[in-house]
Amino acid sequence: MLFRSFYLQNAEAISGKDSPDLMLDPPPDLLIEVDVASGSIDKLSLLGALGVHEVWRCENGRLIIYRLEKDTYVESERSLALPLLTSEQATRFLSESREMKSSAWARHVRQWAIEQLEAQQQSQS
């Protein structure tokens with residue numbers, strides 16, 4: 001099992017630190033769990049106790065976004081950390097990452113993000 005954690009909204013709070021101290025610093029905004037073993041759902045209660053707001057997990061080829069609400073994770077269609085990203089789109093990116101060269105895939109995802117941001121800006125003006 002491997003966890004990758006990301007600070008987005010709380011990035012300034014941990015800026016310059018080698019590793020955050022979860023007793024003093026805020027929890028990560030996003031945690032991605034890479035786990036090939038079964039039964040990993042039990043880890044969500046531990047992550048919830050730490051206050052991790054969002055966890056992404058790949059289950060049966062589908063990327064599922066879990067959002068912490070009160071003390072429980074619930075499945076969410078949209079990411080809190082990356083609001084333009086849906087579970088469906090993340091699953092599509094995951095599938096495409098297996099079919100494309102990594103540099104082409106990164107350009108593809110970057111272009112998608114640019115298009116989403118441009119569309120959002122146009123709809124707000």
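Leaving aside its neighbours within four places in sequence, which residues is His-53 in contact with?

Modeller: The model is a predicted one, in which local features need pLDDT of at least 70 and side-chain atom pairs count only at pLDDT 80 or more, while totals for chains, interfaces and linings use all residues. Residues are numbered from 1 along each chain as its sequence is written, and side-chain values use heavy atoms, with hydrogens and water left out.

Leaving aside neighbours within four places in sequence, His-53 is in contact with Pro-27, Pro-28, Asp-29, Tyr-66, Arg-67, Leu-68, Tyr-73 and Leu-80; contact means heavy atoms within 4.5 Å. His-53 lies in the loop between helix H2 (43-50) and strand S3 (54-59). Helices (H or I, at least four residues) and strands (E, at least two) are DSSP runs, numbered from the N terminus. With a relative accessibility of 38%, His-53 counts as partly exposed; the term covers values between buried, which means under 20% relative accessible area, and exposed, which means over 50% (1.4 Å probe, protein chains only). One of the contacts, Tyr-73, is 20 residues away from His-53 in sequence, and their C-alpha atoms are 8.7 Å apart in space.

The strands may be taken next. S3 and S4 run antiparallel and are joined by six bridges; two strands pair if DSSP finds at least two bridges between them. Tyr-66, one of the residues in contact with His-53, stands in S4 opposite Val-55. S4 also pairs with S5, in the antiparallel sense and over five bridges. Arg-67, another contact of His-53, has Val-74 in S5 as its bridge partner.

The hairpin of S3 and S4 has two residues between the strands, and in it Asn-60 takes a positive phi near 55°. Asn-60 is a residue other than glycine, and it is placed in the loop between strand S3 (54-59) and strand S4 (62-69). Asn-60 counts as exposed, at 84% relative accessibility. The hairpin of S4 and S5 likewise has two residues between the strands, and there Lys-70 takes a positive phi near 60°. Lys-70 is not a glycine either; its place is the loop between S4 and strand S5 (72-76). With a relative accessible area of 80%, Lys-70 is exposed.

Thr-91 belongs to helix H3 and is buried, with a relative accessible area of 19%. Apart from neighbours within four places in sequence, Thr-91 is in contact with Gly-61, Arg-62 and Leu-63.

Helix H3 (residues 87-99) also meets helix H4 (residues 102-124): their axes come within 10 Å and cross at roughly 160°. Axes are lines fitted to C-alpha atoms, for helices over the stretch in contact, and angles run from 0 to 180 degrees between N-to-C directions. H3 and H4 are therefore roughly antiparallel to each other, a term for angles over 145 degrees. The residues that make the contact are Gln-89, Phe-93, Glu-96 and Ser-97 of H3, together with Trp-105, His-108, Val-109 and Trp-112 of H4. By class, this contact has four nonpolar, three polar and one charged residues. Here Ala, Val, Leu, Ile, Met, Phe, Trp, Tyr, Cys and Pro count as nonpolar, Asp, Glu, Lys and Arg as charged, and the others, Gly among them, as polar.

Methods
Angles under 35 degrees count as roughly parallel, over 145 as roughly antiparallel, 65 to 115 as roughly perpendicular and the rest as oblique.
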